[in-house]
Amino acid sequence: MTLVTEHLETAYPDADLSVWPASASSAPHGEVTVGGVALTEVAERFGTPAYVLDEGEVRDRCRAYRAAFPDGDVLYAAKAFMCRAMAHWVDEEGLGLDVCSAGELELAVVTGFPPERILLHGNAKSPEDLATALRLGVGRIVIDSTGEIARLAAHVPPGDRQKVLLRIVPGIAAGHHNAVRTGTDDQKFGLSLADGSAQHAIARVLEQPRLELVGLHCHLGSQISSVKPYLSAVRRLVGLLAAVRRQHGVTLPELDLGGGHAVAYRPGEAAMDLTTLSARIRAELAEGCAAAGLPVPRLTVEPGRAIVGPAGVALYHVLSVKRTGGQTFVAVDGGMSDNPRPALYGVRYAPRLIGRHSTEEPVLVTVVGRHCEAGDILASAVPLPADVRPGDLLAVPVAGAYHLSMASTYNLVGRPPVVAVHEGRARLLVRRESLADFRNRDIGL
Ligand SMILES: *Cc1c(COP(=O)(O)O)cnc(C)c1O
């Protein structure tokens, strides 16, 4: 179905779409189009809640990363959001893939993603994860603990060699919330530089004939808007590369700095500037290596959120409006089952009314979900017209990352569909979860 929206393209000057996909445009009667498709039409055709993914925005973000790191590798972190179309777009745009389970890995490979461009990481890889990675021939496996070294080596068939990186904890605190700070010594990921476990693990891996140590890996955390922690990580890891050469006579050719680049969820919030990030990291790496007399290793980055977050928009219908305790609660037909981030990290969004122009003054409301938890809050202190009412359509921008990939079947509401919009067309990528899906899995009595 083609949705003709050309007549809607005159932008409304008062609408702040700064955190929306670049293709987003306001139109008369409170309409917003994304990828040339009116959101009210998406809601009508596919129902709500629904997730809209702007294919052009995903592809543009992939291209921006490729342009920013022309002589490095960009791996999309599949855990941010994954489906077959997403794997296909990322592949076509020349990115690699970062996965952390057999499930993410198999889905990518059955879609045709080249396994040699896939990296598997994770703090606790199951025997199935490792067996699947070796069977499918992933390019890199990131070793996360000392115990994993012999376990992985034992899985590698005689005569083969698996390329591996070691995940290093550089001892750097960065990220918007404790739950996503992974560069410090007091959390579960990686091998500490400070207590010597990183150095010990390097020696152990180098002793394994079935493992080929190609480099070091780190991932500082998520939603990091400053370049500084990355520069500190470069300095510490270059120091370690130099130590490896001194102690073992080995020059490791790769350095993976992970992801974590911030995006703005609400207008005015800080986002990572990709051009600055790439220029400063590459300069720091070049200088550090020159000073240590090391060749510059091939750089890898692993953005997840920054590729897909701003490309997604969540659509909900208002089910009820309740004024109580001095607050107005606007309850929608989704919530923490499709977006657990507010409950997990206290993050807040900027929903807006779509498809109706109200002349009422805005009032500050709390947008809540339909789930049986008082903490099921999508956004607080949101300005919405005073006449907001059941049946209204709300859109939440920057909904592409860590919503559906963390979605649950709580209350058996059913996970929403994913609709791609591109060049004036909408198409279903992932269908809505139905009662039949729940019944099919529930096989005992
Ligand atoms: C989660 C994760 C990423 C992606 O993080 P974003 O914040 O989405 O960019 C990259 N690498 C590793 C190892 C991760 O765990």
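Predicted model: local features only at pLDDT ≥ 70, side-chain atom pairs only at ≥ 80, totals over all residues.

Reader: Okay, and which helix is serine 197 in?

Author: Serine 197 is found in helix 7, which covers residues 197-206.

Reader: What does its side chain make a polar contact with?

Author: With the side chain of aspartate 195, at 2.4 Å. If you leave aside neighbours within four places in sequence, serine 197 is also in contact with Leu191 and Ser192.

Reader: New topic: how many aromatic pairs are there?

Author: Searching the whole structure turns up two. In one of them, the ring centres of tyrosine 65 and phenylalanine 69 are 6.5 Å apart and the planes sit at 15°, so that pair is stacked. Tyrosine 65 and phenylalanine 69 are both buried.

Reader: And tyrosine 265 with tyrosine 349, why is that pair called edge-to-face?

Author: Their planes are at 85°, and over 60 degrees counts as edge-to-face. The ring centres are 5.4 Å apart. Tyrosine 265 is in the loop between strand 12 and helix 9, while tyrosine 349 is in the loop between helix 11 and strand 16, so the pair ties together parts 84 residues apart in sequence.

Reader: Are those two tyrosines buried or exposed?

Author: Buried: tyrosine 265 has a relative accessible area of 3%, and tyrosine 349 comes in at 2%.

Reader: How accessible is arginine 59, and how accessible is glutamate 92?

Author: Arginine 59 is buried at 11%, whereas glutamate 92 is partly exposed at 47%.

Reader: What does glutamate 93 pair with?

Author: Arginine 63, in a salt bridge of 2.8 Å from N to O. Glutamate 93 lies in the loop between helix 3 and strand 6 and arginine 63 in helix 2, so this pair ties together parts 30 residues apart in sequence.

Reader: Which residues are linked in a network of salt bridges?

Author: Glu55, Arg59, Arg63, Glu92, Glu93 and Arg427.

Key. Residues numbered from 1 in each chain as written. Heavy atoms only, no water. Phe/Tyr/Trp six-rings, centres within 6.5 Å; stacked < 30°, edge-to-face > 60°. Buried < 20%, exposed > 50% of the residue type's maximum accessible area, 1.4 Å probe, protein only. Helix = DSSP H or I, 4+ residues; strand = E, 2+ residues; numbered from the N terminus. Polar contact = N/O pair within 3.5 Å; in protein donor to acceptor, adjacent residues only side chain to side chain. Contact = heavy atoms within 4.5 Å. Salt bridge = Lys/Arg side-chain N within 4 Å of Asp/Glu carboxyl O.
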